[in-house]
Amino acid sequence: MLALTRQNLPQLATDYANKNRCATGAYELASAGGKADVSIFATGSEVEIAVNAKKLLDAKGIKTRVVSVPCFELLMEQPEAARRALSG
C-alpha cells in the first residue's frame, strides 16, 4: 500500500502486519492493554488526534483503545460480531 499526503503527519502504524489491516474497513491501532473503558474511532488526519487523546486518557487511568477506520463502508459490511469486537 502506498499512502501519500501533503500534510505533515506522523507514521502511526510502524509494525509489520502480514495481512491487509484495511481490508475490513477498520483495525485496532492502539490497544487498551485489556478491556477498554473507551474506544475512539478515527479516520484520516484525526487518527493522530485520537492517539494523543488516548495518551491523556490513559494518564487519568481510563483504558482507551484507538481504532483506525480507513473505510467506513467496508467496516459496515463486516459481521456485527466483528464490529462489536472492535468497539470493545
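Student: In which strand does S68 lie?

Tutor: The structure under discussion is a predicted model. Its protein chain contains 3 helices and 3 strands. Of these elements, the one that covers residues 64-68 and holds S68 is strand 3.

Student: Is S68 buried or exposed?

Tutor: Buried means under 20% relative accessible area. The relative accessible area of S68 is 9%, so S68 is buried.

Student: Which residues does S68 touch, not counting residues up to four places away in sequence?

Tutor: Contact is taken as heavy atoms within 4.5 Å. With residues up to four places away in sequence not counted, S68 touches G25, A26, Y27, L29, A42 and V47.

Student: With which residues is A42 in contact, leaving aside its neighbours within four places in sequence?

Tutor: A42 belongs to the largest nonpolar core, and S68 is among its contacts.

Student: Which residues form the largest nonpolar core?

Tutor: This core has 7 residues. Strand 2 (38-42) and helix 1 (46-59) are the elements that give two or more residues to it. The members are A30, I40, A42, V47, A50, V51 and V66.

Student: Which element gives the most to this core?

Tutor: Strand 2 and helix 1 each supply two or more of the core residues. The element that gives the most, with 3 residues, is helix 1.

Student: How many residues does the second, separate core have?

Tutor: This core includes A26, V67, V69 and L86. The number of residues in the second core is 5.

Student: In which sense do strand 2 and strand 3 pair?

Tutor: V38 stands opposite T64 in strand 3. The pairing of strand 2 with strand 3 extends over 5 bridges, and its sense is parallel.

Student: What is the handedness of the β-α-β crossover from strand 2 to strand 3?

Tutor: Read along the sequence, the protein chain follows the pattern β-β-α-β-α-α. From strand 2 the chain passes through helix 1 to strand 3, and this crossover is right-handed.

Student: What share of the contacts with a separation of 6 or more comes from residues 24 or more positions apart?

Tutor: The protein chain has 88 residues, of which 24% count as buried. Among its contacts with a separation of 6 or more, the share from residues 24 or more positions apart is 71%.

Definitions and conventions
Residues are numbered from 1 along each chain as its sequence is written. This is a predicted model: local features need pLDDT of at least 70, side-chain atom pairs count only at pLDDT 80 or more; totals for chains, interfaces and linings use all residues. Side-chain values use heavy atoms; hydrogens and water are left out. Helices (H or I, at least four residues) and strands (E, at least two) are DSSP runs, numbered from the N terminus. Buried means under 20% relative accessible area, exposed over 50%, partly exposed in between (1.4 Å probe, protein chains only). A nonpolar core is a set of buried Ala, Val, Leu, Ile, Met, Phe, Trp, Tyr and Cys residues joined through side-chain atoms within 4.5 Å. Two strands pair if DSSP finds at least two bridges between them. A crossover is right-handed if, with the strands pointing away from the viewer, the path from the first strand over the helix to the second runs clockwise.
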